[in-house]
Every structure is written in structure tokens, then in C-alpha cells.
Amino acid sequence: MKRLNTLLLSLAALIAQVAQADTPSPLSLSGFGTLGAARTDNANRAFRSNSVSDSGAGAAFDLSVDSVLGVQGSLQLCNRLDLTVQSVVRKSPTGSYDPRITWAFASYQATPELLLRIGRTRLPFFMYSDSLNLNYANPWIRPPVEVYSLNPLSDIDGADALYRRQFADTDVELHAYTGSSAMNIRGGSANLDKIRGLKASFSRRGLTAQISYARADMSLRWSDAYFLSLRQALIATGHDAIVPELSGTDGKTSFMSAALQYDQDRLLLIAEIARRNVDRYIDTALGWYVTAGYRTGAFMPYLTLARQREVSPVSTAATGVAVLDDGLAAFNAGRNKAQRSIGAGLRWDAGRNVAVKAQFERIQPGPGGLGILLPNQLTDYLKPDGPTYVLSLAVDFVF
Amino acid sequence: MHSARTLLLLFSGLFAPAFSHAELVLVASVRNPAMELSHERAENLYLGSTTTLADGTPVKLMDLPNGASRDDFYLKLTGKNPAQIRAYWSRLVFTGRALPPREANSIAEARQWLIDTPNLVGYMERTDVPPGARILLRLP
């Protein structure tokens, strides 16, 4: 303990020394966060900000859906080499609040146009993937779940290259990456391995266009009570062959997306479409959204339309045994996140580093599933019923 | 009436710095005699889209503390208001794309840094430029 105190004191002394230096410090520390509250109008439908959490907001305001705190340190080792580490605390899909290292990489500016990075970075499948926890930089309370829930794994351990160049008036950026990703989710665990992806962005004045493609090997091991009993029943009745379609380590997946953003003066327009192709374990699905915002002074009201629909279910296998087929149908429905939503919101830049947001959404789940919503009873997945309304309030800040 | 006039004078004195459009200049240490900077390059540097000068020399950037001069600088150079520039830079920094300009705690510290640090680019009001620094670009 005493040794720790001595260490802290000498660290503080070092920082004080650095703070008074005649030249800028090579170390920079900063942070960001959101204090957010969300509720629905229906106690039997929990609203989640992703599709893999085992809890969400019900009919009472809940702080765990959107609240997040992150700190980041960067160290400039020399002109071309930087180290960056970012740690984030937010409720994980399995309910823990353990800090997670969200970025940890060394970056090397090989040429003025080429940046090489190694370590943990973000899986850049979609336009706003990089700023998932950084709500202050985004217009909404959270990126639209119809697209962003298609990939719940947010980081990648590996290496990437960013090539950036100006052609005439247009900024072009090519981003190539490779690596792997792992995460514990509601009732199981997920891995993406041998990820290979490419993203291209084109920006000119306020307009940005982006396309992205990635492939990976996928593991998805369900271990929830429902899956385990379904598996047991399938094996017991001689339908073992269906089990490898539902859970395992042999999946192949690909992600495709295209996005447009126009952000100039008062107007903000965003449109994005994304598709997840999977050969087993989870469904193939397509999501899109459009957002329009209009700035007037420190306020920006915005409107979002969004939809996700299932292209093909997890498994089309049939056993001919009614109770087993019903069981498979429920398994498929629980993994179908189809929904459509309309949302209206307001962002208020209340201070230099603070944004206050309010957002109201109408979510119509289905067809064939409950969307982002989590029911009290598994059988509800098969009868999505009418819309659920969600109210979210948030204060986003950076420091 | 008299006190009202005094109050008015006091107020105009208080707000004068925010309203006066002092000339802002981009500066570097005289140790970098060959350094050249165009308006476009400066904008790219302060928007984090490049980290080098036109000839490939890597440079570091300096920011003034929060205040009217800083807001005025970004508005003149990039056309973005304080909230927009803050959101823009937080995206760059927290998504691992760029390191933020180093923020000086005071004008005095900014002046000291500029004199002592080679390859540091900063900005300040023209009347604050110290003798050891060289003006690269004027932002009228």
C-alpha cells in the first residue's frame, strides 16, 4: 500500500512536471460519456440498444441501456509512432460492468498518405461503427438498431491499413483490415475469425459516400436453456443432423453496406443500408435507415425511418414431428430481429462539451420476430403484436 | 442615468474581446525558417486530415485554451462553429484517427511552446506573437 502511494505520488509529480514543460506533453488524456435513460410503454417488452443483451428498459426509466463512460490516453512516441488505449464502462450483454478495452493500438504513419495500425481497433462494417459509444459525435441517442444490431461484435484484434488521398476536390480513404473478434452474448458466445474487410470512403465538401465489404468465419455457440432442450430433443429423436445448423463453429458470414451522409450548414441527411449473409446459426438479414436533421442555432430536430427484415431464417429444416417443428420455429423467431420504426428526436448543444438529447420512437416488431425487443415469455417471439413506444433522454459529454 | 452609462461602459469593456475581430495568425518557431503553409494546408491540418506540410515534414499542432480566439480561429479557418468543431474532433480522437492539437493552458504557455518547439504550428492574435516565432499565414 505504501509502495503504491509512493508510486502515485511520483506519478503525480511527473505529470506536474510535464504540465509545466516548455514544450507540449507527448501524452494526452481525454474522455467521453453518456448518461441516458430509456423506457417503453409496455412492461412485457424490454427495449435494448443491441440484439444480444439479456436485459433492457421496461416500463420504468432504465439507465443501463445507453449510459457509458470512456477514457482514452494517447502517447506520441515520435513523429510517426503513436500509442492509443481506450477503456469503456457500460453494461455488457451479459450484465457485467467490467471495463472493456475498446481500442488499444500502435499506429505508424508510414507515409503522409498511409497509416498502419496494429492491436485492437473497431470492426468498421458500417458508417458509424467507429463512434458506437461516442454518442456526443452522433446525431441520435444511439445509432439506429435496425442496421447496427446486425453486428453485435464491436472490436477487432488484428492489423489494418488506412490510405488517404485527395483527388481533385475529393478525399478518398481506403481501409483494409484483418483480424478476429470474440464476445459473450445473451445465452451464448460469438466469434468472428479470419476477418478480411475493405471499406472505401469518398468525401467532397459536406458529402460522404461509403461502401464496405467483409467476410469472416463465424462461431456461435448457444447455451441457453431453450436451445439445450431443443438440441436434446432433436438428438433423442434421431434428428442430430439439424443441430450443426443451429449452433457451432463452422459458420461463414459476410457483411455488405453502403452509406451516404450530407452534412453542410443547417442540413444533415444520412442513409445507410446493410446486409448480413450467414449460412447457419443466425439469420440472413437486411437493414436500412434514413435520417434527416435540421440545425437551428444550438438545436437540431431530426427524424429517422428504419427497417430490418429477415432474408432467410436460421434453419429451414423440418422434422415432420409437430412439437419439434414448433420448437424450431420458436428458435428461428427468437433470432429474427425484423422490425420497422419511426423516431423523432432533438439534439441541443447545451454547452461547449455537452449535448442534451431526447428521442421518441414507435417500433413495430416483426414480421416473424420481436426485433430488438425482449419479451417476458419466449412464446411472444411468435406473436409480435402491435407497436411498442420508446422514450429516451440523454446527456452526452466529452472531456 | 450616470450609473447606467457606467454600467454600459463596463459591459462594452467586458465584451469587447468577443466582438473585436483581432487579426489571427498561424505561427511557428523561427527554428523552422523554411516552413510554408497555405490556407488549404492549414485547414487540412486543423481538421486532422493530414499531419504533414506540403513537403512531407511532420508537424504538431497547438490549440489555445477555450475562448473567443480559439472559436474565431476555427470559424475563420474551417467554417465550423464551436459545437461542430468539438463534435468533429471528438470523433477523430476517440475513433483513433488523429491525436488532438496540444492545448496550451494560457497564451503565455502557447508563446513559450512556439519558441521552444521545432515543427510546432500554432495560432494566436497577431499582437501576441512572441519575438522567437514566425508568422506563416494571416487569417483576416
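What follows is a conversation about the labels used for this structure.

Mentor: This is a predicted model, in which local features need pLDDT of at least 70 and side-chain atom pairs count only at pLDDT 80 or more, while totals for chains, interfaces and linings use all residues. Residues are numbered from 1 along each chain as its sequence is written, and chains are lettered from A and ligands numbered from 1 in the order in which they are written.

Trainee: What makes A:Asp385 partly exposed?
Mentor: A:Asp385 has 14 other C-beta atoms within 10 Å, so it is partly exposed. You will find A:Asp385 in the loop between β17 and β18 (388-398) of chain A, and its phi, near 60°, is again positive in a residue other than glycine.

Trainee: Why does A:Tyr294 count as partly exposed?
Mentor: With 13 other C-beta atoms within 10 Å, A:Tyr294 is therefore partly exposed. A:Tyr294 belongs to strand β13 (residues 284-294) of chain A. Leaving out residues up to four places away in sequence, A:Tyr294 touches A:Arg266, A:Leu267, A:Met300 and A:Pro301, where contact means C-beta atoms, placed from the backbone, that lie within 7 Å.

Trainee: How do you know that the length of helix α3 of chain A agrees with its residue count?
Mentor: The expected span is 1.5 Å times one less than the number of residues. For the 12 residues of α3 (residues 225-236) of chain A this should be 16 Å, and the end C-alpha atoms are 16 Å apart, so the two agree. Just after α3(A), A:Gly238 takes a positive phi of about 80°.

Trainee: What makes a group of residues a nonpolar core?
Mentor: Such a core is a set of buried Ala, Val, Leu, Ile, Met, Phe, Trp, Tyr and Cys residues joined through C-beta atoms within 7 Å. The largest has 49 residues, and A:Tyr281 is one of those that touch the most other members. β10(A) gives the most to this core, with five residues. A second, separate core of 42 residues includes A:Leu134 and B:Leu26.

Trainee: How many residues of chain A are in contact with chain B, and of what kinds are they?
Mentor: There are 33 residues of chain A in contact with 27 of chain B. On the chain A side, 10 are nonpolar, 15 polar and eight charged. Here Ala, Val, Leu, Ile, Met, Phe, Trp, Tyr, Cys and Pro count as nonpolar, Asp, Glu, Lys and Arg as charged, and the others, Gly among them, as polar.

Trainee: And how much of chain B is buried?
Mentor: Buried residues make up 35% of its 140 residues. Chain B has five helices and five strands.

Conventions
Contact = placed C-beta atoms within 7 Å. Helix = DSSP H or I, 4+ residues; strand = E, 2+ residues; numbered from the N terminus. Buried ≥ 20, exposed ≤ 12 C-beta atoms within 10 Å, placed from the backbone.
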